[in-house]
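Visitor: I would like a quick tour of the aromatic rings here. Please keep it brisk.

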Amino acid sequence: MKIKNIFKYLFAAILILHLSACNDNTDAEQLFNETPTERLNAQKSELSEALLSSQFGWKAVYFTDNTVLGGYTHLFKFAQDGTVEMASDFDADTNVYESEYAIQLGSTVSLTFTTKNRIHLLSESDNYPIPALRAKGYLGDFQFLYYGQENGEIIFKANRNGTEIRFVKATADDWTNLSQNLVMEQNVIGSEERPLFRLLETTDGTTTHQFDFSFSEVTRFAESNSIESGYSVSYNLGVGYSPTGIVVSPAVEVGGQKLTTFVYNDADGSFTATGTGGVKATIKYSSKPLILTDDYKNFLDAKPQMVLGYIAANLYTAPTTSTLAKSLLDEVNATLPANQKISRVQIYFNSPYGNYIEYRFSGGKPSLYHNFTTSADDTNKTILFTHDSWDNGAAYIPAPAFLKNLDDQFFNAAGLYIKKESFKITYSNTVYTLTSAASNFRITTYQL
(Lines give C-alpha, C1' and ligand atoms only; values in the text may rest on other atoms or scores of the structure.)
Protein backbone atom coordinates (compact mmCIF):
# COMPACT_ATOMS: atom_id res chain seq x y z
CA MET A 1 0.00 0.00 0.00
CA LYS A 2 2.77 2.40 0.88
CA ILE A 3 4.41 1.86 -2.56
CA LYS A 4 1.09 2.45 -4.33
CA ASN A 5 0.60 5.69 -2.42
CA ILE A 6 4.09 6.84 -3.38
CA PHE A 7 3.30 6.21 -7.08
CA LYS A 8 0.02 8.13 -6.71
CA TYR A 9 1.81 11.16 -5.26
CA LEU A 10 4.52 11.06 -7.93
CA PHE A 11 1.91 10.91 -10.68
CA ALA A 12 0.03 13.86 -9.18
CA ALA A 13 3.21 15.91 -8.94
CA ILE A 14 4.18 15.16 -12.54
CA LEU A 15 0.69 16.09 -13.69
CA ILE A 16 0.84 19.44 -11.87
CA LEU A 17 4.26 20.24 -13.35
CA HIS A 18 3.00 19.38 -16.83
CA LEU A 19 -0.06 21.59 -16.52
CA SER A 20 2.08 24.43 -15.17
CA ALA A 21 4.51 24.11 -18.06
CA CYS A 22 1.61 24.28 -20.49
CA ASN A 23 0.40 27.51 -18.90
CA ASP A 24 3.90 29.01 -19.00
CA ASN A 25 4.25 28.14 -22.66
CA THR A 26 0.87 29.71 -23.39
CA ASP A 27 1.92 32.96 -21.62
CA ALA A 28 5.22 32.98 -23.47
CA GLU A 29 3.45 32.45 -26.77
CA GLN A 30 1.13 35.37 -26.03
CA LEU A 31 4.03 37.55 -24.92
CA PHE A 32 6.05 37.00 -28.07
CA ASN A 33 3.08 36.73 -30.38
CA GLU A 34 3.70 40.29 -31.60
CA THR A 35 6.59 41.26 -33.79
CA PRO A 36 8.94 44.05 -32.59
CA THR A 37 7.34 46.40 -35.12
CA GLU A 38 3.87 45.60 -33.83
CA ARG A 39 4.96 46.24 -30.26
CA LEU A 40 6.51 49.61 -31.24
CA ASN A 41 3.37 50.56 -33.15
CA ALA A 42 1.30 49.73 -30.09
CA GLN A 43 3.53 51.95 -27.96
CA LYS A 44 3.26 54.69 -30.56
CA SER A 45 -0.54 54.58 -30.41
CA GLU A 46 -0.39 54.48 -26.61
CA LEU A 47 1.79 57.59 -26.47
CA SER A 48 -0.28 59.44 -29.04
CA GLU A 49 -3.48 58.78 -27.11
CA ALA A 50 -1.83 59.90 -23.87
CA LEU A 51 -0.52 63.18 -25.32
CA LEU A 52 -3.97 64.05 -26.64
CA SER A 53 -5.86 62.96 -23.52
CA SER A 54 -5.24 65.94 -21.24
CA GLN A 55 -7.67 68.84 -21.65
CA PHE A 56 -5.06 71.51 -20.88
CA GLY A 57 -2.04 69.63 -22.12
CA TRP A 58 1.04 68.75 -20.12
CA LYS A 59 3.61 70.40 -17.86
CA ALA A 60 7.26 69.39 -17.39
CA VAL A 61 9.92 70.97 -15.20
CA TYR A 62 12.94 69.97 -17.25
CA PHE A 63 16.16 69.62 -15.24
CA THR A 64 18.59 69.06 -18.09
CA ASP A 65 21.48 68.28 -15.71
CA ASN A 66 20.84 68.83 -12.02
CA THR A 67 24.56 68.84 -11.19
CA VAL A 68 25.10 72.23 -12.84
CA LEU A 69 21.72 73.63 -13.93
CA GLY A 70 18.24 74.20 -12.59
CA GLY A 71 14.81 73.40 -13.97
CA TYR A 72 12.86 75.06 -16.79
CA THR A 73 9.08 74.77 -16.86
CA HIS A 74 7.53 73.92 -20.21
CA LEU A 75 3.85 73.64 -21.11
CA PHE A 76 2.67 71.57 -24.09
CA LYS A 77 -0.76 71.27 -25.76
CA PHE A 78 -0.67 68.60 -28.46
CA ALA A 79 -3.08 68.42 -31.40
CA GLN A 80 -3.95 65.46 -33.59
CA ASP A 81 -2.68 67.25 -36.73
CA GLY A 82 0.91 67.10 -35.46
CA THR A 83 1.11 70.62 -34.07
CA VAL A 84 1.91 71.59 -30.50
CA GLU A 85 1.39 74.81 -28.58
CA MET A 86 4.25 75.51 -26.19
CA ALA A 87 5.30 78.04 -23.56
CA SER A 88 8.18 78.15 -21.09
CA ASP A 89 9.76 80.19 -18.31
CA PHE A 90 13.25 79.97 -19.87
CA ASP A 91 13.27 83.77 -20.05
CA ALA A 92 10.85 86.68 -19.82
CA ASP A 93 8.99 85.55 -22.94
CA THR A 94 6.21 83.29 -21.61
CA ASN A 95 4.01 83.64 -24.70
CA VAL A 96 2.55 80.57 -26.41
CA TYR A 97 4.04 79.47 -29.73
CA GLU A 98 2.98 76.78 -32.19
CA SER A 99 5.31 74.29 -33.84
CA GLU A 100 5.28 70.67 -34.99
CA TYR A 101 5.97 67.37 -33.28
CA ALA A 102 6.18 63.75 -34.32
CA ILE A 103 6.04 60.39 -32.61
CA GLN A 104 8.87 58.50 -34.25
CA LEU A 105 9.86 54.85 -34.40
CA GLY A 106 13.46 53.74 -33.99
CA SER A 107 14.92 51.28 -31.55
CA THR A 108 12.19 52.70 -29.29
CA VAL A 109 9.33 55.18 -29.53
CA SER A 110 10.22 58.84 -29.13
CA LEU A 111 8.47 62.19 -28.98
CA THR A 112 10.40 64.62 -31.16
CA PHE A 113 9.78 68.35 -31.51
CA THR A 114 10.56 68.62 -35.20
CA THR A 115 10.34 72.38 -35.73
CA LYS A 116 11.83 75.10 -33.57
CA ASN A 117 10.06 76.19 -30.41
CA ARG A 118 10.84 77.08 -26.80
CA ILE A 119 12.22 73.62 -25.95
CA HIS A 120 15.02 74.12 -28.47
CA LEU A 121 16.48 77.02 -26.45
CA LEU A 122 17.90 74.42 -24.08
CA SER A 123 19.76 72.55 -26.82
CA GLU A 124 21.41 75.37 -28.80
CA SER A 125 25.15 74.90 -28.41
CA ASP A 126 25.96 78.60 -28.97
CA ASN A 127 23.54 79.67 -26.21
CA TYR A 128 25.24 78.87 -22.91
CA PRO A 129 24.95 80.45 -19.44
CA ILE A 130 28.54 80.04 -18.18
CA PRO A 131 31.95 79.49 -19.83
CA ALA A 132 32.09 75.90 -18.55
CA LEU A 133 29.12 75.12 -20.82
CA ARG A 134 30.62 76.72 -23.93
CA ALA A 135 29.50 74.82 -27.05
CA LYS A 136 27.18 72.71 -24.86
CA GLY A 137 24.34 75.16 -24.30
CA TYR A 138 21.93 74.27 -21.52
CA LEU A 139 22.47 70.51 -22.07
CA GLY A 140 18.87 70.08 -23.21
CA ASP A 141 17.23 67.92 -25.83
CA PHE A 142 14.19 67.97 -28.10
CA GLN A 143 13.89 64.20 -28.61
CA PHE A 144 12.36 62.35 -25.66
CA LEU A 145 12.39 58.54 -25.54
CA TYR A 146 9.12 57.07 -24.27
CA TYR A 147 9.39 54.92 -21.13
CA GLY A 148 5.73 54.38 -20.24
CA GLN A 149 3.25 55.88 -17.80
CA GLU A 150 2.97 55.94 -14.03
CA ASN A 151 0.30 57.46 -11.78
CA GLY A 152 -1.07 59.52 -14.65
CA GLU A 153 2.37 60.85 -15.63
CA ILE A 154 4.14 60.21 -18.93
CA ILE A 155 7.76 59.20 -18.45
CA PHE A 156 10.50 60.07 -20.95
CA LYS A 157 14.27 60.07 -21.03
CA ALA A 158 16.27 62.60 -23.02
CA ASN A 159 18.00 61.02 -26.00
CA ARG A 160 21.04 63.25 -25.40
CA ASN A 161 21.98 62.19 -21.88
CA GLY A 162 19.28 59.91 -20.48
CA THR A 163 17.86 62.51 -18.07
CA GLU A 164 14.35 61.61 -16.94
CA ILE A 165 11.54 64.02 -17.85
CA ARG A 166 8.05 63.56 -16.45
CA PHE A 167 4.96 65.08 -18.05
CA VAL A 168 2.16 65.82 -15.57
CA LYS A 169 -1.29 67.00 -16.59
CA ALA A 170 -1.40 70.77 -16.87
CA THR A 171 -4.23 72.97 -15.66
CA ALA A 172 -5.71 76.16 -17.05
CA ASP A 173 -3.95 78.04 -14.23
CA ASP A 174 -0.57 76.64 -15.31
CA TRP A 175 -0.92 78.49 -18.61
CA THR A 176 -2.37 81.65 -17.09
CA ASN A 177 0.17 81.91 -14.28
CA LEU A 178 3.36 80.86 -16.06
CA SER A 179 4.70 84.42 -15.99
CA GLN A 180 4.45 84.31 -12.18
CA ASN A 181 7.39 81.88 -12.22
CA LEU A 182 9.61 84.79 -13.18
CA VAL A 183 8.18 86.95 -10.41
CA MET A 184 9.17 84.14 -8.06
CA GLU A 185 12.62 84.13 -9.63
CA GLN A 186 13.19 87.61 -8.20
CA ASN A 187 12.28 86.30 -4.74
CA VAL A 188 14.88 83.55 -5.14
CA ILE A 189 17.52 86.03 -6.31
CA GLY A 190 16.65 88.42 -3.49
CA SER A 191 16.36 92.20 -3.41
CA GLU A 192 18.14 95.17 -1.88
CA GLU A 193 15.53 95.16 0.90
CA ARG A 194 16.61 91.68 2.03
CA PRO A 195 19.93 90.74 3.71
CA LEU A 196 22.78 89.45 1.53
CA PHE A 197 23.32 86.29 3.53
CA ARG A 198 21.26 83.13 3.35
CA LEU A 199 21.25 79.70 4.89
CA LEU A 200 19.55 76.37 4.42
CA GLU A 201 18.33 74.97 7.74
CA THR A 202 17.15 71.36 8.10
CA THR A 203 15.53 69.54 10.99
CA ASP A 204 14.53 65.90 11.33
CA GLY A 205 12.21 66.73 14.20
CA THR A 206 14.94 66.66 16.86
CA THR A 207 18.26 67.76 15.36
CA THR A 208 18.84 70.95 13.38
CA HIS A 209 21.68 71.58 10.92
CA GLN A 210 22.65 74.76 9.06
CA PHE A 211 24.28 75.21 5.67
CA ASP A 212 25.38 78.30 3.82
CA PHE A 213 23.31 78.97 0.70
CA SER A 214 24.43 80.63 -2.52
CA PHE A 215 22.32 80.87 -5.65
CA SER A 216 23.31 81.65 -9.25
CA GLU A 217 20.48 83.13 -11.28
CA VAL A 218 22.17 82.47 -14.64
CA THR A 219 22.28 78.71 -14.03
CA ARG A 220 19.36 78.43 -11.56
CA PHE A 221 21.70 76.42 -9.37
CA ALA A 222 22.35 76.60 -5.63
CA GLU A 223 25.18 75.31 -3.45
CA SER A 224 24.86 74.65 0.28
CA ASN A 225 27.65 73.46 2.55
CA SER A 226 27.53 72.68 6.24
CA ILE A 227 28.83 75.41 8.52
CA GLU A 228 29.33 72.91 11.36
CA SER A 229 32.79 71.57 12.09
CA GLY A 230 33.00 67.84 11.45
CA TYR A 231 29.65 67.68 9.62
CA SER A 232 30.46 67.25 5.94
CA VAL A 233 26.97 67.06 4.41
CA SER A 234 26.29 69.40 1.48
CA TYR A 235 23.40 70.02 -0.91
CA ASN A 236 23.90 71.10 -4.51
CA LEU A 237 20.51 71.83 -6.00
CA GLY A 238 19.00 72.63 -9.35
CA VAL A 239 16.15 75.11 -8.81
CA GLY A 240 12.94 75.45 -10.77
CA TYR A 241 10.31 78.17 -10.25
CA SER A 242 6.58 78.00 -9.64
CA PRO A 243 4.01 80.70 -8.82
CA THR A 244 4.06 79.66 -5.15
CA GLY A 245 7.72 78.79 -4.57
CA ILE A 246 10.43 76.54 -6.00
CA VAL A 247 11.08 72.91 -6.79
CA VAL A 248 14.56 71.44 -6.40
CA SER A 249 16.43 68.52 -7.89
CA PRO A 250 17.96 66.43 -6.46
CA ALA A 251 15.75 66.37 -3.40
CA VAL A 252 16.91 67.61 -0.01
CA GLU A 253 16.94 64.41 2.04
CA VAL A 254 16.18 64.92 5.72
CA GLY A 255 15.38 62.15 8.19
CA GLY A 256 14.95 59.67 5.36
CA GLN A 257 12.40 61.90 3.60
CA LYS A 258 12.97 63.55 0.23
CA LEU A 259 11.85 67.18 0.08
CA THR A 260 11.47 68.83 -3.32
CA THR A 261 8.74 71.49 -3.06
CA PHE A 262 9.50 74.71 -1.16
CA VAL A 263 6.71 77.23 -0.49
CA TYR A 264 7.52 80.95 -0.41
CA ASN A 265 6.68 83.17 2.58
CA ASP A 266 6.68 86.81 1.51
CA ALA A 267 6.71 88.07 5.12
CA ASP A 268 10.32 87.01 5.69
CA GLY A 269 11.45 85.88 2.24
CA SER A 270 11.86 82.24 3.28
CA PHE A 271 11.17 79.05 1.33
CA THR A 272 10.05 75.99 3.32
CA ALA A 273 9.61 72.33 2.40
CA THR A 274 7.64 70.34 4.97
CA GLY A 275 7.69 66.60 5.49
CA THR A 276 6.08 64.51 8.22
CA GLY A 277 6.99 64.02 11.87
CA GLY A 278 8.61 67.43 12.20
CA VAL A 279 10.87 67.04 9.17
CA LYS A 280 11.49 70.39 7.48
CA ALA A 281 13.96 72.32 5.33
CA THR A 282 13.98 76.12 5.12
CA ILE A 283 15.95 78.56 3.00
CA LYS A 284 16.05 81.83 4.92
CA TYR A 285 17.96 85.08 5.39
CA SER A 286 20.66 85.91 7.93
CA SER A 287 21.64 89.44 8.95
CA LYS A 288 25.34 88.54 9.00
CA PRO A 289 27.70 85.94 7.51
CA LEU A 290 27.15 82.44 8.86
CA ILE A 291 30.85 82.07 9.54
CA LEU A 292 32.82 85.10 10.70
CA THR A 293 36.47 84.93 9.69
CA ASP A 294 39.54 86.65 11.10
CA ASP A 295 40.61 87.74 7.60
CA TYR A 296 40.06 91.39 8.51
CA LYS A 297 43.04 91.27 10.89
CA ASN A 298 45.46 91.03 7.96
CA PHE A 299 44.48 94.55 6.86
CA LEU A 300 44.84 96.48 10.10
CA ASP A 301 47.50 99.12 10.67
CA ALA A 302 51.05 97.89 11.35
CA LYS A 303 50.54 94.87 9.08
CA PRO A 304 52.40 94.26 5.79
CA GLN A 305 51.17 96.15 2.74
CA MET A 306 48.10 94.66 1.07
CA VAL A 307 46.27 95.93 -2.01
CA LEU A 308 42.75 94.87 -2.97
CA GLY A 309 41.42 95.93 -6.34
CA TYR A 310 37.95 95.93 -7.87
CA ILE A 311 38.49 95.74 -11.64
CA ALA A 312 35.27 96.59 -13.43
CA ALA A 313 36.02 94.60 -16.58
CA ASN A 314 36.22 91.33 -14.62
CA LEU A 315 34.42 91.81 -11.33
CA TYR A 316 31.29 93.87 -12.03
CA THR A 317 29.53 90.68 -13.13
CA ALA A 318 30.97 88.51 -10.35
CA PRO A 319 28.16 86.71 -8.48
CA THR A 320 29.58 88.10 -5.23
CA THR A 321 29.25 91.72 -6.37
CA SER A 322 25.90 92.70 -4.92
CA THR A 323 23.05 94.46 -6.67
CA LEU A 324 23.52 97.49 -4.44
CA ALA A 325 27.22 97.69 -5.30
CA LYS A 326 26.41 97.54 -9.01
CA SER A 327 23.74 100.21 -8.72
CA LEU A 328 26.11 102.58 -6.89
CA LEU A 329 28.85 102.01 -9.47
CA ASP A 330 26.30 102.67 -12.21
CA GLU A 331 25.20 105.83 -10.39
CA VAL A 332 28.75 107.17 -10.42
CA ASN A 333 29.25 106.29 -14.09
CA ALA A 334 26.01 108.05 -15.00
CA THR A 335 27.46 111.35 -13.72
CA LEU A 336 30.58 111.10 -15.90
CA PRO A 337 31.04 111.94 -19.58
CA ALA A 338 30.33 109.11 -21.99
CA ASN A 339 34.00 108.18 -22.41
CA GLN A 340 34.68 108.03 -18.65
CA LYS A 341 33.81 105.20 -16.25
CA ILE A 342 35.12 103.80 -13.00
CA SER A 343 37.65 101.24 -14.12
CA ARG A 344 39.06 100.32 -10.70
CA VAL A 345 38.51 100.82 -7.00
CA GLN A 346 41.84 99.95 -5.35
CA ILE A 347 42.26 99.85 -1.60
CA TYR A 348 45.81 100.21 -0.27
CA PHE A 349 46.55 99.07 3.26
CA ASN A 350 49.79 100.03 4.99
CA SER A 351 51.45 101.37 1.86
CA PRO A 352 54.41 103.81 2.14
CA TYR A 353 51.75 106.53 1.73
CA GLY A 354 49.38 105.07 4.33
CA ASN A 355 45.89 103.67 3.79
CA TYR A 356 43.81 105.00 0.93
CA ILE A 357 41.15 104.14 -1.64
CA GLU A 358 42.04 105.01 -5.22
CA TYR A 359 39.10 105.65 -7.55
CA ARG A 360 40.57 105.11 -11.00
CA PHE A 361 38.74 106.11 -14.20
CA SER A 362 38.92 105.30 -17.88
CA GLY A 363 38.92 108.06 -20.50
CA GLY A 364 41.81 110.07 -19.08
CA LYS A 365 40.14 111.37 -15.91
CA PRO A 366 42.75 111.56 -13.08
CA SER A 367 42.41 109.24 -10.08
CA LEU A 368 40.99 110.48 -6.80
CA TYR A 369 42.22 109.28 -3.39
CA HIS A 370 40.42 108.92 -0.07
CA ASN A 371 42.89 108.53 2.81
CA PHE A 372 41.84 106.71 5.97
CA THR A 373 42.95 104.97 9.15
CA THR A 374 41.76 101.56 10.32
CA SER A 375 40.41 100.08 13.52
CA ALA A 376 38.69 96.81 14.40
CA ASP A 377 35.52 95.52 15.99
CA ASP A 378 36.78 92.18 17.26
CA THR A 379 33.37 91.16 18.57
CA ASN A 380 31.70 91.42 15.16
CA LYS A 381 34.94 90.68 13.29
CA THR A 382 34.79 93.78 11.12
CA ILE A 383 37.32 96.39 10.04
CA LEU A 384 36.41 100.07 10.24
CA PHE A 385 37.67 102.88 7.99
CA THR A 386 37.92 106.37 9.46
CA HIS A 387 38.13 109.38 7.15
CA ASP A 388 41.38 111.32 7.01
CA SER A 389 41.46 113.39 3.81
CA TRP A 390 40.89 113.51 0.05
CA ASP A 391 43.49 114.35 -2.59
CA ASN A 392 43.99 114.17 -6.33
CA GLY A 393 47.60 113.09 -6.18
CA ALA A 394 48.87 116.65 -6.12
CA ALA A 395 46.81 118.48 -3.48
CA TYR A 396 44.11 118.01 -0.90
CA ILE A 397 40.59 118.45 -2.25
CA PRO A 398 37.03 118.55 -0.89
CA ALA A 399 35.13 115.24 -0.89
CA PRO A 400 33.82 114.66 -4.46
CA ALA A 401 30.02 114.74 -4.36
CA PHE A 402 29.59 112.27 -7.25
CA LEU A 403 31.43 109.57 -5.28
CA LYS A 404 29.65 110.12 -1.97
CA ASN A 405 27.03 107.32 -2.05
CA LEU A 406 29.54 104.72 -3.17
CA ASP A 407 32.30 105.91 -0.86
CA ASP A 408 29.98 106.02 2.18
CA GLN A 409 29.63 102.23 1.98
CA PHE A 410 33.31 101.79 2.85
CA PHE A 411 33.06 104.19 5.79
CA ASN A 412 29.86 102.98 7.47
CA ALA A 413 30.03 102.94 11.28
CA ALA A 414 29.40 99.17 11.56
CA GLY A 415 32.46 98.34 9.48
CA LEU A 416 33.20 95.81 6.76
CA TYR A 417 33.43 92.04 6.75
CA ILE A 418 36.49 90.96 4.75
CA LYS A 419 36.55 87.40 3.47
CA LYS A 420 39.17 85.49 1.54
CA GLU A 421 37.17 83.47 -0.98
CA SER A 422 38.00 79.97 -2.18
CA PHE A 423 37.06 80.57 -5.83
CA LYS A 424 38.92 82.31 -8.66
CA ILE A 425 37.58 84.69 -11.30
CA THR A 426 39.32 84.81 -14.70
CA TYR A 427 42.79 85.05 -13.15
CA SER A 428 44.71 83.14 -10.48
CA ASN A 429 44.67 86.10 -8.07
CA THR A 430 43.19 85.48 -4.64
CA VAL A 431 39.66 86.91 -4.41
CA TYR A 432 38.48 88.90 -1.40
CA THR A 433 35.00 90.25 -0.80
CA LEU A 434 34.29 93.37 1.28
CA THR A 435 30.77 93.44 2.70
CA SER A 436 29.11 96.22 4.66
CA ALA A 437 27.87 95.21 8.10
CA ALA A 438 25.15 97.86 7.74
CA SER A 439 23.75 97.36 4.23
CA ASN A 440 23.57 95.03 1.23
CA PHE A 441 26.78 96.42 -0.22
CA ARG A 442 29.35 93.80 -1.22
CA ILE A 443 32.19 94.36 -3.69
CA THR A 444 34.50 91.74 -5.15
CA THR A 445 38.25 92.37 -5.36
CA TYR A 446 41.52 90.75 -6.38
CA GLN A 447 44.58 90.73 -4.15
CA LEU A 448 47.08 92.67 -6.25
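This is a predicted model: local features need pLDDT of at least 70, side-chain atom pairs count only at pLDDT 80 or more; totals for chains, interfaces and linings use all residues.

Guide: Rings of Phe, Tyr and Trp (its six-membered ring) pair if their centres lie within 6.5 Å.

Visitor: How many aromatic pairs does a search of the whole structure find?

Guide: The search covers the whole structure. Its count of aromatic pairs is 31.

Visitor: What kind of pair do the rings of Tyr72 and Tyr138 form?

Guide: The ring centres of Tyr72 and Tyr138 are 5.8 Å apart. Planes over 60 degrees apart count as edge-to-face. The planes of Tyr72 and Tyr138 stand at 85°, so the pair is edge-to-face.

Visitor: How many residues apart in sequence are the parts that Tyr72 and Tyr138 tie together?

Guide: Tyr72 belongs to strand S2 (residues 71-78). Tyr138 is in the loop between strand S5 (109-113) and strand S6 (143-150). Both Tyr72 and Tyr138 are buried. The pair therefore ties together parts separated in sequence by 66 residues.

Visitor: Is Phe271 buried or exposed?

Guide: Phe271 forms a tilted pair with Tyr264, 4.9 Å centre to centre and 40° between the planes. Buried means under 20% relative accessible area. Phe271 has 2%, so Phe271 is buried.

Visitor: Which residue has its charged end over the ring of Tyr147?

Guide: The charged end sits 4.9 Å from the centre of the Tyr147 ring. It belongs to Lys157.

Visitor: What is the mean pLDDT of the protein chain?

Guide: In the protein chain, 93% of residues reach 70 or more. Over residues 1-7 the pLDDT is below 50. The chain's mean pLDDT is 91.

Conventions: Residues are numbered from 1 along each chain as its sequence is written. Side-chain values use heavy atoms; hydrogens and water are left out. pLDDT is the predictor's confidence in each residue, from 0 to 100. Contact means heavy atoms within 4.5 Å. Rings of Phe, Tyr and Trp (its six-membered ring) pair if their centres lie within 6.5 Å; planes under 30 degrees apart count as stacked, over 60 as edge-to-face and the rest as tilted. Helices (H or I, at least four residues) and strands (E, at least two) are DSSP runs, numbered from the N terminus. Buried means under 20% relative accessible area, exposed over 50%, partly exposed in between (1.4 Å probe, protein chains only). A charge sits over a ring if NZ of Lys or CZ of Arg is within 6 Å of the ring centre and within 35 degrees of the ring normal.
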